[in-house]
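Student: I would like to go through a model and ask what its labels rest on.
Tutor: Go ahead; each label will be set against its definition.

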Amino acid sequence: MQILKVTPKSAEIERICGREVAPSREIHDKVLQILADIRQGGIAKATEYAQKFDGLKGKNIRVPASAIAKSAAKCPKELQKALKQAIKNVRDFHKNQMEESWLMEGADGVVLGQRIRPMKRVGLYVPGGAGIYPSTVIMNAVPALVAGVQDIVVVTPIKGEINRAVAFVLQELGIEEVYHIGGAQAIGLLAYGAKDAKGKTVVERVDKIVGPGNVFAAIAKKEVFGVVDIDMVAGPSEVLVMADNTCDPDFVAADLLSQAEHGSGFEAAICITDNMETAQLISACVDVQVENSPKRELLEKVLGNFGRILVVKDWFDGVEIANRIAPEHLEVMTAEAESMAAQIENAGAVFIGPWSSEPVGDYFAGPNHVLPTNGTGRFFSPLGVYDFLKRMSIIRYSEKAIKKNAKAIAAVATEEGFIHHAAAVLKRL
């Protein structure tokens with residue numbers, strides 16, 4: 001890996017912070033056309049696209065419960081046990097995020113408050129092309145279930161039959177509505193719903209779409225935002241490891257490669273250290289692990305683009321750079337790991353100490369692995385129960401309260417030029 005001495009103002013930091021995958025105009029136009037086709041053509045058009053791009057055989061776009069059960073039965077017992085434990089861990093963690101409705105009573109019979117309600121119907125995109133992701137189902141569906149979402153709809157492109165681990169998780173979570181469709185067409189199906197030739201609704205639209213997808217799905221999510229809510233438009237995966245001379249360089253190297261293997265070529269695998277000797281040891285370990293990896297070519301591409309070991313003069317600079325990059329995953333492997341982690345303000349998830357490897361968070365620990373990328377940790381949070389809740393304001397004024405305050409309300413309304421706003425309250429005097 002390339003080793004560079006840097007300061008917070010170095011051009012390399014600017015380059016890392018500015019990385020992105022920019023879709024072509026051609027892809028964007030295709031997405032818009034697909035969305036328009038799905039919106040107008042209903043289930044027939046969705047089925048046509050699924051047959052063309054997603055390997056659907058026949059005309060039944062919904063995956064039968066029997067097919068899910070058949071695949072789930074093939075899931076090895078040991079894997080079933082691991083998936084069940086992961087579901088429990090994620091559920092236990094997310095139960096702590098539940099919000100409660102509240103009311104406050106003021107003078108003159110005024111009651112104000114906030115009512116919390118779950119969304120009714122949520123769509124979950126589960127990738128099925130380059131990889132198989134039962135963890136995606138767990139991380140997106142469990143917080144929705146904890147929030148009280150009534151209907152969870154899954155869309156996924158399927159190769160052959162539905163993956164055994166994905167099927168097992170779907171069955172374990174009680175998710176039955178699954179459609180064999182992917183890409184922009186799947187997002188369109190969720191956002192607009194679909195009717196048959198007679199005008200009968202076959203697929204109801206959802207309130208929110210969550211889950212990662214390919215570039216077509218990502219652009220489509222961005223386009224339908226406003227028609228429905230979305231979780232976020234996720235960029236390439238990233239990890240930043242802060243390591244000093246107390247770290248195990250082999251651990252650091254392994255964790256850097258755990259993100260590099262995602263394979264788009266735009267992943268970031270960054271290490272920050274305060275001494276050159278540690279940097280050289282980590283680089284040597286990376287070289288050995290890459291050399292022996294069946295994914296060598298892919299790893300070399302990623303590390304060549306955004307794989308860097310950054311050497312800083314002190315940890316004041318190191319922390320400043322880390323907060324500026326605001327990585328999706330941030331690991332702290334230093335002598336004073338707890339105190340250094342407390343200085344991190346911008347990150348999707350922070351992993352403290354040598355035993356808290358990033359994949360622990362991806363699959364098992366409990367916190368959500370749907371995290372802000374591309375520096376959006378400055379203002380975004382991990383996916384959680386709160387993403388599936390709606391907050392409604394409650395206002396109840398008494399006759400006494402409106403008579404006391406109507407003239408003040410009308411004065412503000414009149415100043416803004418809204419004479420009928422003013423009249424609406426003054427009529428109550």
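Student: Which residues does Pro-354 touch, not counting residues up to four places away in sequence?
Tutor: Pro-354 touches Phe-251 and Met-333; contact means heavy atoms within 4.5 Å. This is a predicted model, where local features need pLDDT of at least 70, side-chain atom pairs count only at pLDDT 80 or more, and totals for chains, interfaces and linings use all residues. Residues are numbered from 1 along each chain as its sequence is written, and side-chain values use heavy atoms, with hydrogens and water left out.

Student: Where is the place of Pro-354?
Tutor: Pro-354 sits in the loop between β15 (349–352) and α14 (358–363). Helices (H or I, at least four residues) and strands (E, at least two) are DSSP runs, numbered from the N terminus. Pro-354 and Thr-334 are 20 residues apart in sequence and 8.4 Å apart in space, C-alpha to C-alpha.

Student: Why does Pro-354 count as partly exposed?
Tutor: Buried means under 20% relative accessible area, exposed over 50%, and partly exposed in between (1.4 Å probe, protein chains only). Pro-354 has 41% relative accessibility, so it counts as partly exposed.

Student: Why is Thr-136 called buried?
Tutor: The relative accessible area of Thr-136 is 3%, which is under 20%, so Thr-136 is buried. Thr-136 belongs to helix α5 (residues 134–147). Leaving aside neighbours within four places in sequence, Thr-136 is in contact with Leu-124, Tyr-125, Pro-127, Pro-212 and His-369. Thr-136 and Asn-292 are 29 Å apart in space, C-alpha to C-alpha, and 156 residues apart in sequence.

Student: How many residues of the protein count as buried, in percent?
Tutor: Of the 429 residues, 49% count as buried. The protein has 16 helices and 16 strands.

Student: What makes up the contact of α10 with α11?
Tutor: Helix α10 (residues 276–291) and helix α11 (residues 296–306) pack at an angle of about 145°, with axes 9 Å apart. Val-286, Val-290 and Glu-291 of α10 make the contact with Arg-296, Leu-299, Glu-300 and Leu-303 of α11. These residues divide into 4 nonpolar, no polar and 3 charged. Ala, Val, Leu, Ile, Met, Phe, Trp, Tyr, Cys and Pro count as nonpolar, Asp, Glu, Lys and Arg as charged, and the others, Gly among them, as polar.

Student: What makes a space a cavity, and what makes it a pocket?
Tutor: On a 1 Å grid over the protein atoms alone, a cavity is a set of points where a 1.4 Å probe fits but cannot get out. A pocket is an open set with protein on both sides within 12 Å along at least five of seven lines, and lining residues have an atom within 4 Å of a point.

Student: How many cavities of 30 Å³ or more does the structure hold?
Tutor: The structure holds 1. The largest cavity has a volume of about 50 Å³, and a volume is the space filled by probe spheres set on the points, joined across faces, edges and corners. The largest cavity is lined by Ile-16, Cys-17, Arg-19, Glu-238, Ile-325, Asn-374 and Gly-375, which divide into 3 nonpolar, 2 polar and 2 charged.

Student: Which element supplies the largest share of the lining of the second largest pocket?
Tutor: That share, 7 residues, comes from α2. The second largest pocket holds about 270 Å³ of space. Its lining has 19 residues, of which Arg-39, Tyr-192, Gly-193, Ala-194 and Lys-195 lie nearest the centre. The lining divides into 9 nonpolar, 5 polar and 5 charged.

Technical notes:
Axes are lines fitted to C-alpha atoms, for helices over the stretch in contact, and angles run from 0 to 180 degrees between N-to-C directions.
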